[in-house]
Amino acid sequence: MQLGEILVEQGTLTADRLAQLIQQHETEGGATELSDWLMEQGLCTEMEVLKALAAQFNTVVLPHITEDHLDSSLVRRLPVDWARSRHMLPIRLKDRIAAVTSDPTQIQHQDTLGLLLGEELITALAPMEEINRAIEWCYYNREDETGEFLRTLEPAPADMDRLGDTGGDDLLRMADNAPVTQLINLILLDAMKSGASDIHIEPYQKSLRLRFRIDGILYAKDPPPKHLEAALVSRLKVMAHLDIAEKRMPQDGTARVRIGEREIDIRTSTVPVADGERIVLRLLNRESTLLPLAELGIAPAMLARVRTLLAEPFGVIWVTGPTGSGKTTTLYAALQELDTKQLNVITIEDPVEYQLPTISQIGIKPKIGLTFARGLRHILRQDPDVILVGETRDQETAEIVVRSSLTGHLVFSTLHTNDAISAAVRLIDMGIEPYLVAAATRAAMAQRLVRQLCPHCRRPAELTEDLRAALGDRAERLEATSLWSASPGCDACSGGYRGRIGLFELVELDGDLQDIIREGANLQSLRRAAAERGMATLLDDGLDKVAEGKTSLDEVLRVVGHGSDAR
C-alpha cells in the first residue's frame, strides 16, 4: 500500500481529501516528499506519518528512545557528523541491533552502517527530535575514551607540532583532529561528564600530572605522556588566544568549546614553574541551570530572613567566604528572586559567569581601564535600583559600594572573610570609616560548601569520644540522631559523596550592633555580641545538616574546623 492509502486506512485523512492534497502537492510541493510536505502544511503530525511508514515498510515506531535502547559502544567507530547529518543511529532493540531513523527509504545509509558495525541491521522509526537527542547522549556517554586513547597513543615526535584547528571545537567531533587536539577534547569531555569545575595540568621533571576538581576535591586522572607537554601547552594557549611564545610570565585567557548543542566557557590560567608551565582550566557551563535560592541549603528560618532583606530599598548585603565557596551562585540565586519587571538591576563582574535574563551584566576589563570602581561609577548614572558588585577588592570600590547604598540603592557584593561578622572589620581595615560601615550594611552572610553523602552507599557512623570532646556542648545535638559517613564509593558517586550543599551563617546589623561598630569594637567583641543575639555559626548549620543525614561530621569539620568559634 502507498503511504497515502495507509493514512486513509488509519483515519488520518479521507480519500477525497487525500486526492486533493496529492494534486496540490504535485503543483506546490516541488521535490519535497509527500510525507514531509504533509507535515510542513500541518496536515499530519510526525507520529501519524511515522506510523504510516512503519505499516508500509513493516517495521516498528519508537515514540521515545530510552537509555535501554542506547549503547555508546555501538558508536565507537561511527563519526558523530555521519550520525547527525543522516539522523541515523544504531540502537539495541530486544536481541537485535537496529538502525533507528525517521526515513526508512535511506537503505544505502543503513547498509553503510551495517558494514561499519559488521552486523545485519533491522530498521526502527522514531521522531527526528528523539533521534537527535539520542545521538548526543550516546556520544557524550562513551566510556573511558581518554584512557583508551592514551593507551593506544604512540610517542611520535611529529605529534608535538600538530596543534589542529583553533575555533570553537565541538568536543564530540574527534575523527579529523590531530592527536594532541583529540587528547585535549577527550580530557575536556571527561571533565564535563565527571562534573569537574577545574582541570589541573602540572609538569614535573619526568612526568605530567592531570587532576580534576570534583565537588571541591582534586582527583588524579590518567596523565598525558611527558613528550606531549609542549604540544598540550601550545594547543591550550592557542584555544585561549594567549601568546604561545611567552613562557616566562603568567597568562590568563578564555576559550569556548561546544559539546553538541551546549557551549562551555573555559578560563585558562598559565604560570611558569620549575619544570615547565602549570595550567588550570576553569569550566563554566554557559547553559547550566542556575539554582533557586530555596535549593542552596539555606535553613527555612534563615531563608525567610534573607527574602525580607531582598525586599529592602537600600543598604549593602555582603556575602563572604573563601574562593570556591559558592558566593556567586548565592548572589545569582538572590537576583532571580527580584522583580526585574519593576526594578533596574545591573551587575559588574569579573567575569560574567552566567547569563541572567532581564538583567544587565558588565564584565570588567582592567587592560582598558574598566575596573570595578570605574564601572560602578558609571552604573550609578544608569538609574539602577539594585546593583551587584562581583567582588569588593580595594578601598576605592568599597567606598563607592557603601556610598551607593546610602544614596538609595540595594547593593550586593562579596568579601573574602572567614565569617559573617568579620565583613565589618574587613571594611574598616580597608579604610572605610566605622560609622559608614554601620550605616550602610544591612546584613552579612558567610558560607561554605560541603559534599553531600551519596544516598546509595552511605553507611552508619558513631560519634567518637574524641569528636564529642572536640565539639563540646554542641555534641549534644547529635546524641539522639543517626549519623552517617562516606563509603569508599560506588558507580553513582566519587568517594562516597555526590554533589555539594551550602553551610550558612547570617548576621543582621540591628541598632546595638551598629553602635558597637561605630565605637570601633574588635572582632571578638562583635562575635560575642552576635552570639548573644542567637546567631547560628557555620558549624551549627553544619551539625544540623549532619543530623539530617545530608553530610558527614568529618566533612563538616574538614570545611569549617572544630571548636566553638569554628567558621
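At roughly what angle do the axes of helix α9 and α10 cross? The legends below begin with the whole chain and then return to this pair.

**Figure 1. Overview of the predicted chain.** The structure is a predicted model, in which local features need pLDDT of at least 70 and side-chain atom pairs count only at pLDDT 80 or more, whereas totals for chains, interfaces and linings use all residues. Residues are numbered from 1 along each chain as its sequence is written, and side-chain values use heavy atoms, with hydrogens and water left out. The chain contains 22 helices and 19 strands; these are DSSP runs numbered from the N terminus, with helices being H or I of at least four residues and strands E of at least two. Taken along the principal axes, the box filled by the C-alpha atoms is roughly 90 × 65 × 60 Å. Of the 567 residues, 49% are buried; buried means under 20% relative accessible area, exposed over 50%, and partly exposed in between (1.4 Å probe, protein chains only). The chain exposes about 27,500 Å², of which carbon and sulfur atoms supply 48%; these areas come from the Shrake-Rupley method with a 1.4 Å probe, and for residues only the protein chains shown count as cover. Among contacts (heavy atoms within 4.5 Å) between residues at least 6 apart in sequence, 64% join residues at least 24 apart.

**Figure 2. Close-up of the crossing of α9 and α10.** Two packed helices are described by the angle between their axes and the distance between the axes. The axes of helix α9 (residues 179-194) and α10 cross at roughly 70° and come within 10 Å. Axes are lines fitted to C-alpha atoms, for helices over the stretch in contact, and angles run from 0 to 180 degrees between N-to-C directions. The two helices are therefore roughly perpendicular to each other; angles of 65 to 115 degrees count as such, under 35 as roughly parallel, over 145 as roughly antiparallel, and the rest as oblique. From α9 the contact involves Val180, Thr181, Leu183, Ile184 and Leu188, and from α10 it involves Ala231, Leu232, Arg235, Leu236 and Met239. These residues divide into eight nonpolar, one polar and one charged. In this scheme Ala, Val, Leu, Ile, Met, Phe, Trp, Tyr, Cys and Pro count as nonpolar, Asp, Glu, Lys and Arg as charged, and the others, Gly among them, as polar.

Figure 3. Helix α13 (residues 372-379) and helix α14 (residues 395-406) have axes that come within 8 Å and cross at roughly 20°. They are therefore roughly parallel to each other. The crossing is left-handed, a term used if the near helix is turned anticlockwise from the far one by less than a right angle, with right-handed used if clockwise. Phe372, Ala373, Leu376 and Arg377 of α13 meet Glu396, Thr397, Ile400 and Val401 of α14. By class, this contact has five nonpolar, one polar and two charged residues. Ser404 also belongs to helix α14 and counts as buried at 2% relative accessibility. Residues up to four places away in sequence aside, Ser404 touches Leu380, His409 and Val411.

**Figure 4. Close-up of the pair α21 and α22.** The axes of helix α21 (residues 538-547) and helix α22 (residues 553-560) come within 9 Å and cross at roughly 165°. These helices are therefore roughly antiparallel to each other, and their crossing is right-handed. Leu538, Leu539, Gly542, Leu543 and Val546 of α21 make the contact with Leu553, Val556, Leu557 and Val560 of α22. The contact has eight nonpolar, one polar and no charged residues.

Figure 5. Most residues other than glycine have a negative phi. His241, in contrast, has a positive phi near 60°. This residue lies in the loop between α10 (229-239) and β8 (251-259) and counts as exposed at 65% relative accessibility. Asp383 also has a positive phi, near 55°. Its place is the loop between α13 and β14 (386-389), where Asp383 is exposed with a relative accessible area of 61%.

Figure 6. Asp71 is found in the loop between β1 (60-61) and α5 (80-86) and is buried, with a relative accessible area of 18%. Neighbours within four places in sequence aside, Asp71 is in contact with Arg92 and Cys138. Ala530 sits in helix α20 (residues 523-532) and counts as buried at 2% relative accessibility. Beyond residues up to four places away in sequence, Ala530 touches Val507, Leu513 and Met535.
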